[in-house]
Structures are given as structure tokens and as C-alpha cells.
Amino acid sequence: QFTDSATGKGYSGSVNKNKLLKRLNGLWKTKMTMQSHSKFLLQLKDHLNKAGYDKNLQVIFSKHWPDFLQRMTYSQMNVLKKLSTLEFSKNENNNKTADIEKCDSSKVKRKNIIGGHKGEGITTTDSIQCKKPVDEDKASETTVQVKAASQSISDFFGGLIFNSVQSKTARLVVSPKWKINIHESISKHSITSRTRHVLNAIVTAESTASRWRRIEDLLIHIDQYPEARHYAIKEGAIRILLRTRQKVRDEQTKASIREALAILGYVEPLPGKGIRILSIDGGGMRGVLVIEMLKKLEQLTGKKTHEMFDYICGVSTGAILAAALGGHKRKSLFEISELYKELSTKVFTQSAIKGTSNLVWSHGYYDTALWEKLLQENLGEKILIKTVRDPAAPKFSAISAIVNKERVMAYVFRNYTLPHRIESLYIGSHKHKLWEAIRASAAAPSYFEEFKCGGYLHQDGGILVNNPCAVALHEAKQLWPNSPIQCVVSFGTGRTPHQMNDTSSKMAEIATSSWKDKFYKILDSATDTEAVHTTLNDLLPEYVYFRFNPYLTEMLSMVEIRPEKINQLEQDAKMYIRRNEEKFQRAAEVLLEKRKIQQKIIDWIALQRKISGL
């Protein structure tokens, strides 16, 4: 009777959820023996399997009903019988009023509402169950109140959470089995078969919409099973996607293909003679200096920053600039400059009392929640790898420092993946959101709270690699291992001239040093940027490596927000540009060097080899 009334005699694969819930509602009203309970649960399980319900529901059912039967022993059933049969008088109107008031006045600690229809639902609690009658033929209704002796009862029915529907005519949408991760561990053979099936579906797709959906299915499949990336590459996924890209004209499909190729580690040929790298140091509000110098390069080249460089890398404030220049919400340098001033005023305005309190309790002087909110609003929620859907987006990365391991190590947030069988010396991922990458890279100790993400505790990358130029070179060479370095532009965030004073009259002062002095010397050594510059300047040719780091009138704090001091930074940058005009012009010339015809021929041959599978 339960199955027939739930599905209807003309069973067609759909479920009448209204009738099904009413039958579940009357489960505890009917006095059953242990054998009847067992038969009922087996029948219900079989019914749900046939009905094509969500597979997760079947997993919950299979998980809970054996435990339910084990705990519901005959002795427990006897206890339930003694506690459950509390019946009221059968006057129709009085019964309804009394039962509703009884339910409303009960102290309910936890509710699990099952069902999605208007005005209907089943509410289950740990101590009280208030149920509506099922028998529609009788004029009177009975309310049964059960005090459960076993926690598995509530767990069992708490697990039966039906998907809500928007309308009564809504149908259950059954996703393909390969889209649902039912088991924690799936065999390699199963993953390989699913990968092969998705790739074959892309090849055999007839319409543009169908082809786009199947490429999206491939992205979902690789995201669910990372090992599928290896199998997809072995099955020729790159070749299939490159062939598909030649056929399609739809921009939406091309964007999905770009993301799929990036995930598989395919790297497009370079537009210039070699690799063009931009590296930006950390330094808080002193990032205003970098904005002024980038304006000069854009003026000399006539191109935007994301068009001048193939790879952009930043740490702390440099990561903010890299995301603003290379992310999906790209802004002009003028817009970034105004945004810098606006956001810094909001974030770095803090009362001393509240700031000290925050520093004691959360190790962050400034409002971290506000900082995260502003990042989300201005950078968006997009995943890093999805920024490559924009054909003009360069490769970019943000660097943080992981501090919850045995040793502090750099972590690279990437909007790309490395080619197959190539590994970087630095751990990292492309699966984080854009704002999360910037939040982690700019989590300056004592200024903001540490950032927990992906099982790691992140702090400002500047405590380890405040000049990320060496990291940027390493990552770029992993992406384009056979390409030469065309140009490396490294921007610093200001320095002051070293002063060597005569210490002969201060012998007493250098005899000892305080703990405070020791701490600041160690911090200064850790955040030093010129040591990396000295090494790279010796290793790279003069016409390839360009380092710009202005001298400042005074070294300002990272959280400086006074307008006159910001103007002073801009003036220092302009003075530095005038003094190094020739160096900026030389850098612009190198950045504009085009790819040679021989290189273009080699690129075309390499592309044809990949497409043909040779």
C-alpha cells in the first residue's frame, strides 16, 4: 500500500512527494513488530532505488537503516510502547486545537523539516514528535507523541532530507553518475573510463551548445578527480581541444577551451621574442611608487601593462597590483591609484584602543573583516584559473608565506598549471579565489590576522621573499622552458641611502644592543630586497634585467595615509623617473621587440604536431 500510494498505479519513474510524506508521517502511528519494521525499511529502500532519487539519499538510507535495526531491540520496543501510547479524546475540533497547542508550547531543541510543499512538512525532534494523522477517511484525528529511546531514530529520519522544489510541477533532475562522487575512493579504472567517455563526447558533439556543455563537464570531472588530469593528457585531451578550437567560432566555447587547456598544462606560444616578466615588491602604501613608474612605461610603449608582460608576479602590495592589472576586473593605473588612496583610508583608520585590543586578541591591529570585505567587492569571487578565460589575461601569481609547518616556506597562488611532468620548487595551487590569494599574500604580521586557507596558515609573503623576482623567473622558465628571457622588469617600493657614520666617538654605544634592536635587524634582513637584485644583476645581461627602486625623501610606514605624505611619494617617484629617463626608454624598447619569423614558424610546427598527435 505504501509503494502503490507513493508512486501511483501507473508508475512512470516519478515520485508523488505529497503522498510519500504522508505515508512516512504515519509510520509511528502504526504499531509494528520488529519483523514488520524490517520489511518496511527494505521495501522503502527498494522503492527509492527504483524511483531514481538522488544517490546521496540512497547512501544515507543504506548507512542508517542497519544501525537502526541493530539498536531497536525487543526490549527497546517494549519501552517505546509504554512511553508512546498517549491518546486524547476523539472530539474532532477539540482534538486539533489541543494537539496544536501541545506542539507549539513544546521546548524544541532541534528540528529537521522534511519536505518542500507549501503548508506541509514533518518536524522531528530529539524528545517530541508532533505528527498529523494520515487516515483521510476518518473524521477524527489522533496525535501520537513518542519519546525515542535510541538516538539512531532521529539520525535516521534526520538524514532523509528531500530536495526542495520550486513548484508542484517541478521534476527531479537526475545528474549523471559520473558527476556525483558517491564513494570516497573510486578505482583508477573507473576514473579512466569516465575521462575517456567525456573526451569522446566532446569529439562527437554536433551542436555548439552541446560541445560547450561537454567541455564544461570535462572541467567539472577534473576538478572532482584531480588524477583525471593525468589520464586526460594520456588520452589526448590537448589534441582534442586544439582541434575543437580550430572549428568553433563561439566565444563562450573558446573561453571554456582556454580554461581546459590551462588546467591540462598547455601553454600558448609567446607573442614577443622571449619571456617578459614583471616583478613587484611588497611595501604597503609605498606601492604608489610602482603605479607612477608603470604609468611611465605605458606612456613610452603605448600599451597597457597586461599587454607588455607575459608573466606578472607580486607579493603583498605587489600582489594587489598584479591582481588589479592581470585579473578579470582589470583597472587602469589611474583607477588603481585612486582606489589605493580610498581603500587605505578605510582600512588603516583605527583608534588606538580598538587597535590594541585587536592586536592582543587576534594578532591584527587593523580590522581584518573589513579588509576581506573590500577585497571581495573589488576583486570578486572568481577562481584563479578562470581568469584565463579572458584571452588578454597574462599569467600571474601572488606569493605568501606558510607559517604552520616545521619551516617557513613560500606558497604560490597561480592562475595557471605547469605543463605535464614539470614541477616547481614552490608549492601552490590554482583553485583558490582571487581575493583569497591577495588576502594571504598581504597578511602582514601584527597588521592583519593570519589567513587560514587550504589547510595552511598564511602570512605576508614579504617575510620570506619581499623581492619575488627570483621566484617569478623560476616559475616562468617552468612554463616556457625552451624560450629565452626577453625582459625582466623589477619594481621596488623605495629605499633610503645607506649612511656610514664615524663610530669612533660612539664606542660605548656599540658595546651592547637591546633585544628590540636585534628584532628589527632580523626583520630588516628578512625583508631585504636588494640582495636578490644584486644576484640577478650579476647573472642576467644588462639589456635584459631592469631594476627600478626609487630613493625616498624619508622612509614612510606601510600604513601611511596622510595626503601630504602620499603626494611626497608621488613626487619622489617622478624625480626618480626624470633621473633615469634613459633606462626607462631602454626597457620600453626591449619590451616592444617582436617575435622573429623563424620563431613563428617553429611555433606553427609545434602546434601542428600537437594537433596531429605526433
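In particular, is the crossing of α11 and α26 left-handed or right-handed?

A: The model is a predicted one, and in it the crossing of α11 and α26 is left-handed.

The protein chain has 26 helices and 12 strands, and buried residues make up 46% of its 614 residues. Of the contacts in the chain with a separation of 6 or more, 74% are accounted for by residues 24 or more positions apart. The chain exposes about 33,200 Å², with carbon and sulfur atoms supplying 52% of that area.

Now to the pair you asked about. Two packed helices are described by the angle between their axes and by the distance between those axes. Helix α11 covers residues 237–247, while helix α26 covers residues 597–612, and the two pack at an angle of about 110° with their axes 7 Å apart. Because angles from 65 to 115 degrees count as roughly perpendicular, α11 is described as roughly perpendicular to α26. On the α11 side, the residues that meet α26 are Arg239, Leu242, Arg243 and Gln246, and on the α26 side their partners are Leu607, Gln608, Lys610, Ile611 and Ser612. Sorted by class, this contact of α11 with α26 holds three nonpolar, three polar and three charged residues.

Lys247 also belongs to helix α11, and its relative accessibility is 65%, so Lys247 counts as exposed, the cut-off for that word being over 50%. The C-alpha atom of Lys247 is separated by 10.0 Å from that of Thr208, a residue 39 positions away along the chain.

Another packed pair may be set beside this one. Helix α16 (residues 333–347) and helix α18 (residues 368–379) pack at an angle of about 155°, and their axes are 10 Å apart. Since an angle over 145 degrees counts as roughly antiparallel, α16 is roughly antiparallel to α18, and the crossing of these two helices is right-handed. Here Leu339, Leu343, Lys346 and Val347 in α16 meet Leu370, Trp371, Leu374 and Asn378 in α18. By class, that contact has six nonpolar residues, one polar residue and one charged residue.

To return to your question, then, the crossing of α11 and α26 is left-handed, whereas that of α16 and α18 is right-handed.

Technical notes. Residues numbered from 1 in each chain as written. Predicted model: local features only at pLDDT ≥ 70, side-chain atom pairs only at ≥ 80, totals over all residues. Heavy atoms only, no water. Helix = DSSP H or I, 4+ residues; strand = E, 2+ residues; numbered from the N terminus. Buried < 20%, exposed > 50% of the residue type's maximum accessible area, 1.4 Å probe, protein only. Contact = heavy atoms within 4.5 Å. Areas by Shrake-Rupley, 256 points an atom, 1.4 Å probe, with all protein chains shown as cover. Axes fitted to C-alpha atoms, helices over the stretch in contact; angles between N-to-C directions. Parallel < 35°, antiparallel > 145°, perpendicular 65-115°, else oblique. Left-handed = near helix turned anticlockwise from the far one by under 90°. Nonpolar A, V, L, I, M, F, W, Y, C, P; charged D, E, K, R; others polar.
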